[in-house]
Amino acid sequence: MPSFQANLDTLLRLGGTAIVLVGVFLVVKPFVSAMVFAGVLAIATWPLFERLRRSLGGNPTLAATVMLLAILVLVIIPISLLSAAAADQLPAVVEVAKGWMKGGLHAPEALKRVPLIGERAYMEIESLLVDRDQLAALLERAMEPAGRLSLAFVRVLGDGILQLLLVAFIVFFYYRDGDRIVAVLRRASERLSGHLSSEVMTIVTSTTRSVFIGIVGTAAAQALVALIGFVIAGVPGAFMLAVATFVLSVVPMGPVLVWGGAAIWLYAKGEPGWAVFMVIWGTVVISSIDNFLKPLLIARGSTLSLGLIFLGVLGGVVAFGFIGVILGPVLLALGLALGRAWVSSQDAHVAEEVAATATVAAAAAVPGAEATEDRGKR
């Protein structure tokens, strides 16, 4: 009976714990993405927060408030303004595109003047646009759902801004209570990974910070070269378009929306040569930066090689969505660290067995040597 009572008590405790864990997961589930993103932001900007806290007399609440205001002013407010402007201009863009398509589609004559490839590119485009009327009608029908799509786009932008506000709210508490959170995480890491605790924490911190710097650095580089291209082509609002490029660079094919729209605007204004220049500049310069600069920046502060960084980013995006850009390399780095620890522990175990075998063999050889010595004396 006592054994049955003990088993029942254990079962009830396990069941109660499982119910609590499931309940906690269901409560936290809607905010997991925001919590993870806020954690990444806190880890990446923690050195800046440390310096700010020291300059403010060690007051974590005041320093966290200043960081929150900086995030609101430098990130959330500009993104909100850009989103509002984009939402306002979407219907006008749709109408302009419809009117442009009704007039028929033509390859730009200025394309012929591009050295080496101009004439051939012009002929290829012309061959694709043989039946202009049918193609224009097809594209016009494709533009019909654009109005509904623009409304959905506005809703997505609104949800994104709300998510950013939630991230800012969460990261404030990460800053304020960061030392206590790190202490709890360190104890949990010691329980889970033992002697690898310090290495695990270092890998998570360094890889997360490197990925964040890679994303922001690549976005800044794309925005800079985009600004140069917009200024050269004479596109109005070049600075705001560069800011939009910086914001959209974190989205796959995001910068294409900006410089592609600028190229369409130039062509519609009767500047086909500059439109072609904008397409070439956007393809060769703006968009290509992401392919080599981001992996280089990420690899500088990570324990992973350049190839594994590339695989981690792509695989992370496929598996986890946008946040996988950071989770992918972090998980790969942790997996490699655990693999190295397992291999080293196996090597140490083999070395201990060899040493023990050698000791036994030596001990067994000693009596034989003594017996031989006794027979020699006799």
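User: Which residues is Phe-230 in contact with, leaving aside its neighbours within four places in sequence?

Analyst: Keep in mind that this is a predicted model. Leaving those neighbours aside, Phe-230 is in contact with Val-235, Ala-238, Leu-241, Ala-242, Thr-245, Val-258, Trp-259, Ala-262 and Met-278.

User: Where is Phe-230 found, and is Phe-230 buried or exposed?

Analyst: Phe-230 is found in helix 8. Its relative accessibility is 0%, so Phe-230 counts as buried.

User: Ok, helix 8 and helix 10 next. At what angle do their axes cross?

Analyst: Roughly 0°, and the axes come within 12 Å. Helix 10 covers residues 254–268. The angle is under 35 degrees, so helix 8 is roughly parallel to helix 10.

User: Which residues meet there, helix 8 to helix 10?

Analyst: From helix 8 you have Gln-222, Phe-230 and Ala-233. They meet Pro-255, Val-258, Trp-259, Ala-262 and Leu-266 in helix 10. By type, the residues of this contact divide into seven nonpolar, one polar and no charged.

User: What about Ala-226, where is its place and what does it touch?

Analyst: Ala-226 is in helix 8 too. Its relative accessible area is 0%, so Ala-226 is buried. Leaving aside neighbours within four places in sequence, Ala-226 is in contact with Thr-245 and Ile-286. C-alpha to C-alpha, Ala-226 and Ala-244 are 9.9 Å apart, and in sequence they are 18 residues apart.

User: Thr-245 came up for Phe-230 as well. Moving on to Val-243: which helix is it found in, and how accessible is it?

Analyst: Val-243 is found in helix 9, residues 238–248. Val-243 has 23% relative accessibility, so it counts as partly exposed. The cut-off for buried is under 20%. The C-alpha atoms of Val-243 and Leu-227 are separated by 8.7 Å, and these residues are 16 apart along the chain.

User: Switching topic. How do helix 2 and helix 8 pack?

Analyst: Helix 2 (residues 32–55) and helix 8 (residues 197–233) pack at an angle of about 90°, with axes 9 Å apart. So helix 2 is roughly perpendicular to helix 8.

User: Which residues make that contact?

Analyst: On the helix 2 side there are Val-40, Leu-41, Ile-43, Ala-44, Trp-46 and Pro-47. Helix 8 brings Thr-205, Thr-208, Arg-209 and Phe-212. The residues of the contact of helix 2 with helix 8 divide into seven nonpolar, two polar and one charged.

User: Staying with helix 2, what's up with Arg-53: buried or exposed?

Analyst: Arg-53, placed in helix 2, has a relative accessible area of 12%, so it is buried. Leaving aside neighbours within four places in sequence, Arg-53 is in contact with Trp-46, Gly-58, Asn-59, Pro-60, Ala-63 and Asp-179.

User: How do the lining residues divide by type?

Analyst: The lining of the second largest pocket divides into 23 nonpolar, seven polar and two charged residues.

User: Last one, the whole protein. How many helices and strands?

Analyst: There are 13 helices and zero strands, so read along the sequence the pattern is α-α-α-α-α-α-α-α-α-α-α-α-α.

User: And what share of the residues is buried?

Analyst: Buried residues make up 29% of the 378 in the protein. On contacts, take those between residues at least 6 apart in sequence: 63% of them join residues at least 24 apart.

How values were computed. Residues are numbered from 1 along each chain as its sequence is written. This is a predicted model: local features need pLDDT of at least 70, side-chain atom pairs count only at pLDDT 80 or more; totals for chains, interfaces and linings use all residues. Side-chain values use heavy atoms; hydrogens and water are left out. Axes are lines fitted to C-alpha atoms, for helices over the stretch in contact, and angles run from 0 to 180 degrees between N-to-C directions. Helices (H or I, at least four residues) and strands (E, at least two) are DSSP runs, numbered from the N terminus. Angles under 35 degrees count as roughly parallel, over 145 as roughly antiparallel, 65 to 115 as roughly perpendicular and the rest as oblique. Contact means heavy atoms within 4.5 Å. Ala, Val, Leu, Ile, Met, Phe, Trp, Tyr, Cys and Pro count as nonpolar, Asp, Glu, Lys and Arg as charged, and the others, Gly among them, as polar. Buried means under 20% relative accessible area, exposed over 50%, partly exposed in between (1.4 Å probe, protein chains only).
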